[in-house]
Amino acid sequence: MFKFESDSRKVQKGQTFIALKGLTVDGHDFIESAIKNGASKIICEKDIDFDIPYEKVEDTDKYLREILHREYGEKLNEMKLIGVTGTNGKTTSCYLTYQMLLNMGIDAAYIGTIGYYHKDEHIELNNTTPDILTVYKLLMNAYESGAKTVVMEVSSQALSYDRLTNINYSIIGFTNLTEDHLDYHKTMENYLNAKLLILNHLTKDAVIIVNSDDESSIYFKKEGHKRVSFGFDGDYKIINFETHPSETNLTFSFEGKTYDVLVPLTSKFNVYNYLTVVSILNQYGFSMDEIVSKTNMIKAPKGRCEAYKVNGGVAVIDYAHTPDAVEKVITAYNELKKNRVITLVGCGGDRDPKKRPIMGEIASRLSDYVIFTSDNPRTEDPQAIMNDILEGVKKDNYEVILDRRQAIKHGIDIMEKDDILLILGKGHEDYQIIGKEKIHLDDVEEVLNYKSN
């Protein structure tokens, strides 16, 4: 059992409860609840009147970071942590790296957008990179279960909120930087600077891997650390690729040798994701021949270009929810289409409104037809979000159906032979956030339900 807990609801008998002061919640208000649940000690910032040992400290958040490092730092030093940051591609790159490590005989774990995976254990997570206590819990869970290698998605918010204190990576990867999270970061410069904080989390012999085709890659470097690149001018150099509906023929070179590989993923952006994986595994210590020979075993994570034959065509569920990701997905399937590309897409509420008209413009310009719908409206009026999206639309090839379930059904209804229906924005998520309530809605389920009716 982990020694510390900051959520009174999760406290188990014998644990130390640390009363953290959050932005909206103060852990000191839940000390009594923690005691009822079995806490054996309290760490707090003020005197308390309970019949239980407690320690008063100046800053409980600082105390937590320090005690985690003291208690678990030695075990962390025995582990090999791999971190990938960037706007798009983190989940696919990390999950495929995790898969490949398993296929290579390495006992590995994964932490990221689609949860925590190790062996048969799967834990859902609220954030791409969880809070620092959860990160330590998961890392120690992996350690105690035999995994000394962990692949992690590293978000800009986690870096700027300092959720990774004293957690250092042996290998880091940078995928790309495109517009996202500007509701939080405000400017692209701030967003980049947040990403660059990962350079403060390197082991002494860490390797930095970058996508050299992204202009921001020039900033991902640190004196005394090895740096390698992938891309059309990278160390792992793309020579040629040919995409098909479910696979890609890729030719690339490394250190003067050329490799031909059939990657069981489609689209140009997955070529980059695959080369992120190749670079990481090769720098980890595997030969290129080993990596290429195991490539046919990989499978994209849930909600990443998941394709289902339906109503004479194909429905594709993908997590794309940024302008860049939406553009790349539609472009990729335009190259593969035999008939129309129909795109179903929306924008989240309480998030960066600047990207909404951009998303609308991209979807309508690149698609044959668009169904604009809701995507986690949260506390905003769905129609107000839609009005923002439609400001960027210059064509009349669209309709609006705010109810996402009805939008998906309608999208499949209007499909003709060989149409591709892109259902974008939610991917692996199985809910809609309306107001402050999570309501079950799984895009994949909706497609499968349609097929079974």
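Predicted model: local features only at pLDDT ≥ 70, side-chain atom pairs only at ≥ 80, totals over all residues.
Colleague: At what angle do α3 and α8 pack, and how far apart are their axes?

Modeller: Axes are lines fitted to C-alpha atoms, for helices over the stretch in contact, and angles run from 0 to 180 degrees between N-to-C directions; here the angle is about 45° and the axes are 9 Å apart. Helices are DSSP runs of H or I with at least four residues, strands are runs of E with at least two, and both are numbered from the N terminus.

Colleague: Which residues of α3 and α8 meet?

Modeller: Contact means heavy atoms within 4.5 Å, and on this basis T92, S93, L96, T97, M100 and L101 in α3 meet N270, N273, T276, V277, I280, L281 and Y284 in α8.

Colleague: In what order do the strands of the open sheet stand?

Modeller: Two strands pair if DSSP finds at least two bridges between them, and the 11 strands follow the order β8-β7-β6-β9-β5-β10-β11-β12-β13-β14-β15, with mixed pairing. Strands β8 and β15 stand at the edges with a single partner strand each, so one side of each has no neighbour in the sheet. From one strand to the next, the twist averages 15°. Within the sheet, β5 (residues 80-85) and β9 (residues 149-153) run parallel and are joined by five bridges, and I82 has V151 in β9 as its bridge partner.

Colleague: Where is K119, and is this residue buried or exposed?

Modeller: Most residues other than glycine have a negative phi. The phi of K119, however, is positive, near 55°, and this residue is in the loop between β7 (115-118) and β8 (121-123). Buried means under 20% relative accessible area, exposed over 50%, and partly exposed in between, with a 1.4 Å probe and protein chains only; K119, at 55% relative accessibility, therefore counts as exposed.

Colleague: What is the phi of E255, and where is E255 found?

Modeller: The phi of E255 is also a positive value, near 50°, and E255 is found in the loop between β14 (248-254) and β15 (257-263). With a relative accessible area of 71%, E255 is exposed.

Note on methods: Residues numbered from 1 in each chain as written. Heavy atoms only, no water.
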